[in-house]
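Please read it alongside the sequence and the structure shown here.

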Amino acid sequence: MSIQPYTTSVTVTANRDWLASRHGTDSTETITLDLTKLTKNTHYVEPTHVQPHGYVRSGVPVGRVTASGLYGAYDPTAEDGRQVFAGVVYTETPLTPGATLAPAALLWHGSVHTAKIPGGIDPAKIAPNSAGAQIRFLGVVSA
C-alpha cells in the first residue's frame with residue numbers, strides 16, 4: 001500500500017457588478033458568516049460532486065447576530081441583530097461541504113448598485129443606526 005497525498009487549489013473570480021465605486025474597498029473588516037442564516041442559491045452556492053467547493057456570493061447584505069457575533073443575511077424584520085444592516089460581503093467566499101461557518105470580508109462603507117445586490121435589498125427599509133453600515137445605494141430597487 002502506498003499513500004500519495006496531493007494538493008489542490010481553488011480560484012474563485014468575484015462578480016462585483018454590484019460595486020459602484022472602489023471607495024471603502026481598502027478598509028474591509030474580517031467577519032465570520034453563519035451559513036445557516038443565509039439562503040441557498042440566493043446567497044450561496046453549495047459544493048457538488050462536479051464542483052467540490054461552494055461559495056458565498058459577493059454583494060450579499062449582512063447583519064450581525066447579537067448573541068453569537070456571527071453574521072447572517074440582513075433581514076429588516078429579524079429580531080436577532082440582523083435587522084441592523086452591517087454591510088455587504090465584499091468578495092466571493094469559498095466554502096467546503098458541510099461547512100456552517102465561513103470567513104469573509106465585509107464592505108461597511110462605500111457605494112453599491114441597489115438592483116445588483118444578490119437577493120435584493122430595499123434601502124428604504126434600512127433603519128438608521130450608529131452601529132450600521134455607511135453604504136450609499138445607487139439606482140432602482142430590485143424587484
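From the N terminus on, the elements of the chain run β-β-β-β-β-β-β-β-β-β, that is, ten strands and zero helices. Helices (H or I, at least four residues) and strands (E, at least two) are DSSP runs, numbered from the N terminus. This is a predicted model, in which local features need pLDDT of at least 70 and side-chain atom pairs count only at pLDDT 80 or more, while totals for chains, interfaces and linings use all residues. Residues are numbered from 1 along each chain as its sequence is written, and side-chain values use heavy atoms, with hydrogens and water left out.

**Chain-level values**

- Of the 143 residues of the chain, 36% count as buried; buried means under 20% relative accessible area, exposed over 50%, and partly exposed in between, with a 1.4 Å probe and protein chains only.
- Among contacts between residues at least 6 apart in sequence, 66% join residues at least 24 apart, where contact means heavy atoms within 4.5 Å.

**The open sheet β2-β3-β7**

- Three strands form an open sheet in the order β2-β3-β7, with antiparallel pairing; two strands pair if DSSP finds at least two bridges between them.
- Because β2 (44–45) and β7 (93–95) each have a single partner strand, they stand at the edges, and one side of each is left without a neighbour in the sheet.
- The antiparallel pairing of β2 with β3 (residues 54–56) rests on two bridges, and V56 in β3 is the bridge partner of Y44.

- Strands of a sheet pair through backbone hydrogen bonds, either parallel or antiparallel.
- β4 and β5 are antiparallel and share three bridges, with V62 opposite A73 in β5.
- These two strands, β4 and β5, form a hairpin with six residues between them, and G69 in the turn has a positive phi of about 80°.
- Strand β4 (residues 61–64) is also joined to β6 by three bridges and runs antiparallel to it; here the partner of V62 in β6 is G87.

**Strand β8 and its partners**

- Strand β8 (residues 101–107) is largely enclosed by the rest of the structure, because five of its seven residues are buried.
- Six bridges connect β8 with β1 (residues 29–34), and the two run antiparallel; T30 has A105 in β8 as its bridge partner.
- Strand β6 (residues 85–89) pairs with β8 over two bridges in the antiparallel sense, and the bridge partner of V89 in β8 is L106.

**Nonpolar cores**

- In soluble globular proteins, nonpolar side chains tend to be buried together.
- The largest nonpolar core has 16 residues, and those with the most contacts inside it are I31, L33, L35, L38, V56, V62 and Y71; a nonpolar core is a set of buried Ala, Val, Leu, Ile, Met, Phe, Trp, Tyr and Cys residues joined through side-chain atoms within 4.5 Å.
- At least two residues of this core come from each of β1, β5 (71–73), β6 and β8, and β8 gives the largest share, three residues.
- A second, separate core of twelve residues includes L19, Y74, A105 and I121.
- Leaving aside neighbours within four places in sequence, Y71 is in contact with I31, T32, L33, D34, V62, G63, R64, A86 and L106.

**The largest pocket**

- The largest pocket has a volume of about 230 Å³. On a 1 Å grid over the protein atoms alone, a pocket is an open set of points where a 1.4 Å probe fits, with protein on both sides within 12 Å along at least five of seven lines; the volume is the space filled by probe spheres set on the points, which are joined across faces, edges and corners.
- Of its 13 lining residues (an atom within 4 Å of a point), the closest to the pocket centre are R64, Y71, A86, A131 and G132.
- The lining divides into seven nonpolar, four polar and two charged residues; Ala, Val, Leu, Ile, Met, Phe, Trp, Tyr, Cys and Pro count as nonpolar, Asp, Glu, Lys and Arg as charged, and the others, Gly among them, as polar.

- S27, in the segment before β1, is partly exposed, with a relative accessible area of 28%.
- The C-alpha atoms of S27 and L107 are separated by 7.6 Å, although the two residues lie 80 residues apart along the chain.
- Not counting residues up to four places away in sequence, S27 touches W108 and H109.
- H109 lies in strand β9 (residues 109–113) and counts as buried at 13% relative accessibility.
- With the same exclusion of residues up to four places away, H109 touches H23, G24, S27, Q134 and I135.
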